[in-house]
Amino acid sequence: MNREFELVDKLEYAHSLDFDEWVYLLNNQSEELRNYAGNKADTLRKKYYGNSVYVRGLIEFTNYCKNDCYYCGIRHGNANATRYRLTKEDIMSCCKEGYELGFRTFVLQGGEDPYYTDERICDIVKSIKELYGDCAVTLSIGEKSYDSYKAYFDAGADRYLLRHETADDCHYRKLHPETMSLDNRKQCLFNLKEIGYQVGAGFMVGSPYQTKESLAKDMLFLNELKPHMVGIGPFITHHDTPFKDKENGTLEETLLLLSLVRLMLPDVLLPSTTALGTIHPLGREKGIKAGANVVMPNLSPGEVRENYLLYDNKICTGDESAQCKVCLQKRMESIGYKIETKRGDHISRQ
Ligand code: SAH
């Protein structure tokens with residue numbers, strides 16, 4: 001058997017590889033290897049989560065951002081973005097609609113928007129938890145101080161998504177301006193964990209200047225952090241960013257990495273992302289079959305959806321929330337999985 005297949009076997013039983021092994025594995029990708037890892041990953045996710053796919057209702061509540069990440073369509077420097085903020089009432093009505101559709105997790109995601117002070121975020125979180133005590137609230141609003149994270153947690157937030165984006169310092173510098181740092185981003189993740197959140201890290205596949213070595217570092221970092229959730233999707237260009245002429249990440253490499261993350265962190269919550277659905281019409285189905293177990297349909301109000309554009313050609317921007325739910329339900333059923341409407345906490349928190 002070729003070494004890359006043996007390395008997949010090793011990952012399956014030892015749940016870790018060293019740096020050189022990761023680089024070798026990632027340098028020897030093939031369709032056979034993807035299928036090999038994908039089948040093992042699918043078996044493993046079924047052992048922990050059966051054929052259930054958890055759903056999270058995504059509320060993209062602001063596209064204002066003070067940061068200038070070179071890859072992102074809502075970066076501060078993009079003067080062509082049509083900016084919006086949802087009011088607390090808007091957010092509450094998204095939750096109401098989502099609750100009626102059966103969602104029991106709400107993900108509040110946005111740019112780093114100073115308008116939403118800690119006080120405002122805490123007030124929103126408290127109000128959601130008061131009305132929908134059986135739901136989980138996930139925040140995804142970027143880098144904040146320990147005290148801010150603690151305040152949101154005390155207000156009732158359960159989970160936090162903060163992709164580390166890349167665990168390679170040199171690569172990090174190529175994706176972000178000087179004002180941001182990998183050290184700070186990692187520190188944020190460790191702080192979130194210490195406070196008690198279920199934490200999600202992650203990265204884009206195929207982002208500009210990414211190498212197999214940087215991906216190897218991503219895998220090592222994930223294994224050190226041991227997050228409850230891992231968000232992985234392909235990089236997709238946005239026409240109004242400095243990376244407008246770069247190549248997109250591929251479906252194939254994203255699927256392989258989803259499978260490898262499943263093998264490394266067997267009980268992790270792993271979304272099959274909208275970005276994956278954007279680069280291939282059956283991307284999300286393929287992601288689930290490769291070992292993912294979460295989907296995140298959009299609950300944002302119709303009027304603002306087409307303005308939360310992190311990348312070009314994003315899917316579902318013209319759909320109603322109810323349509324998104326039914327569509328995903330059918331997609332999951334078509335491959336023999338079923339949407340599970342309970343909160344869907346990490347196994348260690350159930
Ligand atoms: N401001 C929050 C939320 C960021 S948006 C934060 O900093 O965490 C959520 C994720 O979208 C990012 O973490 C990034 O990995 C992804 N993203 C941004 N631009 C993208 C692009 N062009 N292609 C694919 N994914 C992108």
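How many bridges join strand S3 to strand S4, and do the two run parallel or antiparallel?

Analyst: Five bridges join S3 to S4 (residues 136-140), and the two strands run parallel. One thing before we dig in: this is a predicted model, so local features need pLDDT of at least 70 and side-chain atom pairs count only at pLDDT 80 or more, while totals for chains, interfaces and linings use all residues. Residues are numbered from 1 along each chain as its sequence is written, and side-chain values use heavy atoms, with hydrogens and water left out.

Now to S3 itself, residues 105-110. (Strands, E and at least two residues, and helices, H or I and at least four, are DSSP runs numbered from the N terminus.) Six of its six residues are buried, meaning under 20% relative accessible area with a 1.4 Å probe and protein chains only; exposed is over 50%, and partly exposed is in between. Thr 105, Val 107 and Gln 109 are buried on one side, and Phe 106, Leu 108 and Gly 110 are buried on the other.

S3 has a partner in S2 (residues 57-62) too: that pair is also parallel, over five bridges.

Follow the chain and you get two crossovers. S2, helix H4 (residues 88-100) and S3 form a right-handed β-α-β unit. Right-handed here means that, with the strands pointing away from you, the path from the first strand over the helix to the second runs clockwise. S3 then goes on through helix H5 (residues 118-131) to S4, making another right-handed β-α-β unit.

Gly 110 takes us to the ligand. There are 17 residues around it, and Gly 110 is among those that come nearest, along with Tyr 71, Arg 163, Glu 165 and Ile 236. (To be near, a residue needs a heavy atom within 4 Å.) Glu 165 puts a polar side-chain atom 2.5 Å from a ligand oxygen. The side chain of Arg 185 has an N or O atom 3.2 Å from an oxygen of the ligand, and a backbone N or O atom of Leu 310 is 3.3 Å from a ligand nitrogen. Taken alone, the ligand exposes 560 Å², of which the protein buries 91%.

How about charged pairs? The count comes to 22 salt bridges, each being a Lys or Arg side-chain nitrogen within 4 Å of an Asp or Glu carboxyl oxygen. Take Asp 158 and Arg 343, with their closest N and O atoms 3.5 Å apart. Asp 158 is in the loop between helix H6 (146-155) and strand S5 (159-161), and Arg 343 is in the segment after strand S9 (338-340), so the pair ties together parts 185 residues apart in sequence. Asp 158 is buried, at 15% relative accessible area, but Arg 343 is partly exposed, at 23%.

Elsewhere, Asp 68 and Arg 75 meet in a salt bridge at 3.3 Å, N to O. Arg 75 is buried, at 11%, whereas Asp 68 is partly exposed, at 24%.

Notes:
Pairing = 2+ DSSP bridges. Polar contact = N/O pair within 3.5 Å; in protein donor to acceptor, adjacent residues only side chain to side chain. Areas by Shrake-Rupley, 256 points an atom, 1.4 Å probe, with all protein chains shown as cover.
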